[in-house]
Structure formats: C-alpha cells, structure tokens
Amino acid sequence: MSLNRREFIAIGGAAAAATALAPGLRLVELAQARSPDEAVTSLQRWGLLVDIGKCHDCDACVTACHEENGIQSHGRPATDAQWIRKVTLKDKQTGYVQTLPVMCQHCEHPPCVDVCPTGASFKRADGIVLVDKHICIGCRYCMMACPYKARSFVHEKTTEQKPHAPRGMGTVESCTLCVHRVDAGKIPACVEACNKDGNQAMVFGDLKDPNSAITKQLASAPSTQLRPDLNLNTGVRYRGI
C-alpha cells in the first residue's frame with residue numbers, strides 16, 4: 001500500500017522534548033502480570049512507540065502477529081484479515097520512501113466504539129480497544145469509522161484458532177495489543193519479534209508510568225500521532241515520520 005506522506009499524516013501534533021536519553025533506559029518494558037481475578041484498572045494505559053528510523057524493510061512484526069493470533073492468508077490481500085500491515089509512504093517532492101507498521105491505534109476516544117450498535121467494540125480501562133466477537137453483528141460501521149483502516153472483516157471460515165484469540169466468519173477484528181500476553185505480564189508479539197530481529201523499532205509500556213521505557217522515550221525526542229488533527233489521543237505513537 002503506498003500513500004503520499006502528506007496524505008497520511010498531518011504533522012503538527014508532535015509531542016516534543018529535547019532531553020537526553022535517560023541512563024539505564026530499557027527498550028523493552030515488561031508489563032506487570034495481572035491476576036485473572038484482578039480488574040483492569042485505569043491507573044495504567046498501555047501504549048506503543050514505533051521508531052520509523054529503525055523500522056527496516058521486513059515483516060517480522062506482521063508475521064509474529066499472524067502466528068500469535070492464528071491469522072491465515074487466503075491470497076487475497078484486499079480482503080484478508082490484517083491486524084497489522086506495513087504501509088509505504090513516499091514524499092512526492094524528494095522521492096524519500098518510508099515504511100511503517102500500522103495497526104489499531106488504541107485511541108482514547110475511539111470512533112469505532114462510538115458507532116458500534118451492539119457494544120461489541122469497547123475500550124478497556126487500561127486503553128486497549130477490543131471487539132467482543134460474541135455480540136459483533138458484522139455491520140462494519142466500525143470499519144467505516146476508523147480513520148486508520150485498521151479493522152478487518154472476516155470473510156472466510158476460520159480454522160486453527162488460538163484459544164486466546166477467538167475469531168469468527170462475519171465478524172470484525174483488529175489488533176488487540178496481544179491483550180492475553182499483556183495480562184500475563186508479557187509484551188505484544190510484534191514488539192518481541194522486532195526486538196528479536198535486532199531492529200528495536202518498537203517500545204511497549206505503560207504511558208501513565210513516568211518510569212516506564214515508553215514514557216521516557218516519548219520524553220526524550222519528538223514523536224507524533226497519526227492524524228493528530230482528529231484529537232483521538234492514540235495509544236500508538238510514531239517517531240521519525
């Protein structure tokens with residue numbers, strides 16, 4: 001998928017700071033495991049920072065997402081489920097090309113939730129936006145409302161499902177930030193794969209924790225949301241666009 005850079009993002013909402021990287025800063029921030037009996041709390045807000053300068057022309061994050069969540073390709077890129085996809089941006093004036101992973105941005109004010117007629121689309125207290133497949137009627141209003149085109153409709157019968165990622169034909173789905181892993185104190189599969197390959201382009205953590213790696217990273221250099229003009233306060237931020 002190729003988009004003009006200016007069409008894709010309106011730069012201007014950058015959260016900027018110019019302090020040096022804090023000593024001892026970890027690129028990977030482990031989530032704290034939550035007991036199954038423990039309620040999700042708004043004291044945390046999970047987020048993701050993607051450094052485009054470190055994002056190479058690979059699909060390790062996409063492959064890891066598919067393997068972790070049991071997503072299979074049917075050879076139809078236009079309609080296959082894509083919880084995360086690589087997007088190519090090209091500056092028409094300079095010809096400069098960048099690629100970046102795009103997934104559900106886990107907005108603080110998610111349009112998908114606002115338009116869902118059944119309540120299937122919802123946001124957890126910790127900021128993770130999900131779809132309850134049991135009450136999703138497949139109307140796809142949420143897909144139309146999402147400005148990032150981050151949701152997919154399942155056209156085919158699903159097989160080899162993962163217990164932690166139930167899927168169903170006729171429903172809508174999207175990135176869950178690997179909520180099952182987060183609740184178990186782990187990081188999302190895409191982040192793990194990116195770091196394993198040595199790219200270290202993704203940092204995951206608690207945006208409300210001043211000592212978390214992602215908070216320190218966001219404070220250390222400018223970053224931006226995709227479409228900051230929409231005031232959705234996304235949980236996913238980008239650097240280097």
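This is a short talk on the predicted model of one protein chain.

Ground rules. The model is predicted, so local features need pLDDT of at least 70 and side-chain atom pairs pLDDT 80 or more, while totals for chains, interfaces and linings use all residues. Numbering runs from 1 along each chain as its sequence is written, and side-chain values use heavy atoms, with hydrogens and water left out.

Overview. The chain has seven helices and 10 strands. Those are DSSP runs, numbered from the N terminus: H or I of at least four residues for helices, E of at least two for strands. Of the 241 residues, 49% count as buried. Buried means under 20% relative accessible area, exposed means over 50%, and partly exposed lies in between, with a 1.4 Å probe and protein chains only. The accessible surface is about 11,800 Å². Carbon and sulfur atoms hold 53% of that surface. The areas come from the Shrake-Rupley method with a 1.4 Å probe; for residues, only the protein chains shown count as cover.

Contacts next. A contact is heavy atoms within 4.5 Å. Take the contacts with a separation of 6 or more: 66% of them are between residues 24 or more positions apart.

Now, aromatics. How many aromatic pairs does a search of the whole structure find? One. The partners are Trp46 and Phe204, and they are stacked. The centres are 5.3 Å apart, with 15° between the planes. For the cut-offs: rings of Phe, Tyr and Trp, the last by its six-membered ring, pair if their centres lie within 6.5 Å; planes under 30 degrees apart are stacked, over 60 edge-to-face, and the rest tilted. This pair links distant parts of the chain. Trp46 sits in strand β2, residues 46–51. Phe204 sits in strand β9, residues 202–206. Trp46 has a relative accessible area of 4%, so it is buried. Phe204 is at 1%, so it counts as buried too.

Asp126 lies in the loop between β5 (121–123) and β6 (129–131). Buried or exposed, this Asp126? Buried, because its relative accessibility is 2%.

First topic, α2, residues 60–69. Seven of its 10 residues are buried, and the helix is mostly covered. The buried set is Ala60, Cys61, Val62, Ala64, Cys65, Glu68 and Asn69. What do they pack against? β3 (84–90), β4 (97–103), α5 (179–183), α6 (189–196) and β9. Just after α2, Gly70 has a positive phi of about 70°.

Then α7, residues 213–220. Six of its eight residues are buried, so the rest of the structure largely encloses this helix. Those residues are Ala213, Ile214, Thr215, Gln217, Leu218 and Ser220. They pack against β2, β9 and β10 (236–239).

On to a link between two loops. Gln72 is in the loop between α2 and β3. Thr159 is in the loop between β7 (152–153) and β8 (172–173). They are 87 residues apart in sequence and 8.6 Å apart in space, C-alpha to C-alpha. Their side chains make a polar contact of 3.1 Å. The side chain of Gln72 makes another with the side chain of Glu160, at 3.2 Å. Not counting residues up to four places away in sequence, Gln72 touches Thr159, Glu160 and Arg167. Gln72 is partly exposed, at 31% relative accessible area. Thr159 is partly exposed as well, at 44%. Ile71 and Thr159 are 88 residues apart in sequence, and 9.0 Å apart between C-alphas.

Last, the outside. Val115, Tyr141 and Met144 form a nonpolar surface patch, with about 300 Å² of accessible area together. Patch residues have over 30% relative accessible area and no salt bridge; like charges are joined within 9 Å, and nonpolar side chains (Val, Leu, Ile, Met, Phe, Trp, Tyr) within 5 Å. A salt bridge is a side-chain nitrogen of Lys or Arg within 4 Å of a carboxyl oxygen of Asp or Glu. Val115 belongs to helix α3, residues 111–115. Val115 is partly exposed, with 33% relative accessible area.

Notes. A polar contact is a pair of N or O atoms within 3.5 Å; within protein, one must be able to donate a hydrogen and the other to accept it, and residues adjacent in sequence count only if both atoms are side-chain atoms.
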